[in-house]
Amino acid sequence: MAKRNKANPPPPTEAQPTPTKRPKILGYIRVSTEEQANEGMSLSFQRRKIEAYCELHDLHLVDILEDAGLSGRDSSRPAYQQLLRQITDPEIAGVIVYRLDRLTRSFGELGVMLETFKKHNASIYSVMENVDASTAIGRFVIGLLGLLANLEVDVLGERVAAGMEEAKRQGLHVGSTPLGYKRSDQKGALIMDEKEHLVIERIHHLRTSEKMSFKRISEVLNEEGQPTKRGGKWGSETVRLIWQRRESL
């Protein structure tokens, strides 16, 4: 076997590059009841967009937190509060949303949120808006977008209130359809639902003749297979509200 010449060692192999650590990101999705019905920006839609964004930009998506059917002005949203707690973890580099107004529609809450992110060196990624919350300019742009989202909600609220007031002036029903009634072909008008009225009378009988508590009445209705207006299970509070509405007529 030929001996290796110590004076001429083999050339060193090329050093392997150190793999770059992918930033760990939390996803957050939210939709209100109205948006689910009217805008089509569903939770599954937001989830798909966030996952695709993270794949494209090589971000490690740790988890996606979701608040379903909750307003962006409600800062007590469970998943949102969980997000604020988890963002304090130094391992979490930031949060990604489909659109910035998914996080909050309250300008005051936006300021608190940005300070929390800044304190923990966390970034905000948005599929729709390309902003960097780690810079002063980025936080300024996010603030402007937050003001616009806040204005949008205020204007929408004023329009809804004005529309409801006009409907009431015309003698039309506004709001959800109460138990015992259904919508007629005429917009804003209600007609009696005889089947549901039997349920109301059943509640009245159990309360006045059988002297049952609201809790016991709800149990009886569930045992009998009587559905609520939305097809769910009866609770004592729902029974109490229906009882009070009937007695006030």
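Colleague: Which residues of helix α7 (residues 214-223) are buried?

Modeller: This is a predicted model, in which local features need pLDDT of at least 70, side-chain atom pairs count only at pLDDT 80 or more, and totals for chains, interfaces and linings use all residues. Residues are numbered from 1 along each chain as its sequence is written, and side-chain values use heavy atoms, with hydrogens and water left out. Helices are DSSP runs of H or I with at least four residues, strands are runs of E with at least two, and both are numbered from the N terminus. Taking buried as under 20% relative accessible area, exposed as over 50% and partly exposed as in between (1.4 Å probe, protein chains only), the buried residues of α7 are Phe214, Ile217, Ser218, Val220 and Leu221.

Colleague: Why do these residues lie on the same side of α7?

Modeller: An α-helix has 3.6 residues a turn, so residues three or four places apart point the same way. On the other side of α7, Lys215 and Glu223 are exposed. The buried residues Phe214, Ile217, Ser218, Val220 and Leu221 share one side because the directions from the helix axis to their C-beta atoms cover an arc of only 160°.

Colleague: Which residue lies over the face of Phe214?

Modeller: A charge sits over a ring if NZ of Lys or CZ of Arg is within 6 Å of the ring centre and within 35 degrees of the ring normal. At 4.0 Å from the ring centre of Phe214, the residue is Arg207.

Colleague: How far apart are the ring centres of Tyr28 and Tyr80?

Modeller: Rings of Phe, Tyr and Trp (its six-membered ring) pair if their centres lie within 6.5 Å; planes under 30 degrees apart count as stacked, over 60 as edge-to-face and the rest as tilted. The whole structure holds two aromatic pairs. With planes at 65°, the pair of Tyr28 and Tyr80 is edge-to-face, and its ring centres are 6.3 Å apart.

Colleague: How many residues apart in sequence are the parts that this pair ties together?

Modeller: Both Tyr28 and Tyr80 are buried. Because Tyr28 lies in strand β1 and Tyr80 in helix α3, the parts tied together are separated in sequence by 52 residues.

Colleague: Where does Tyr98 lie, the partner of Phe45?

Modeller: The rings of Phe45 and Tyr98 have centres 5.3 Å apart and planes at 75°, so this pair is also edge-to-face. Phe45 is in helix α2 (residues 43-56), whereas Tyr98 is in the loop between β3 and α4.
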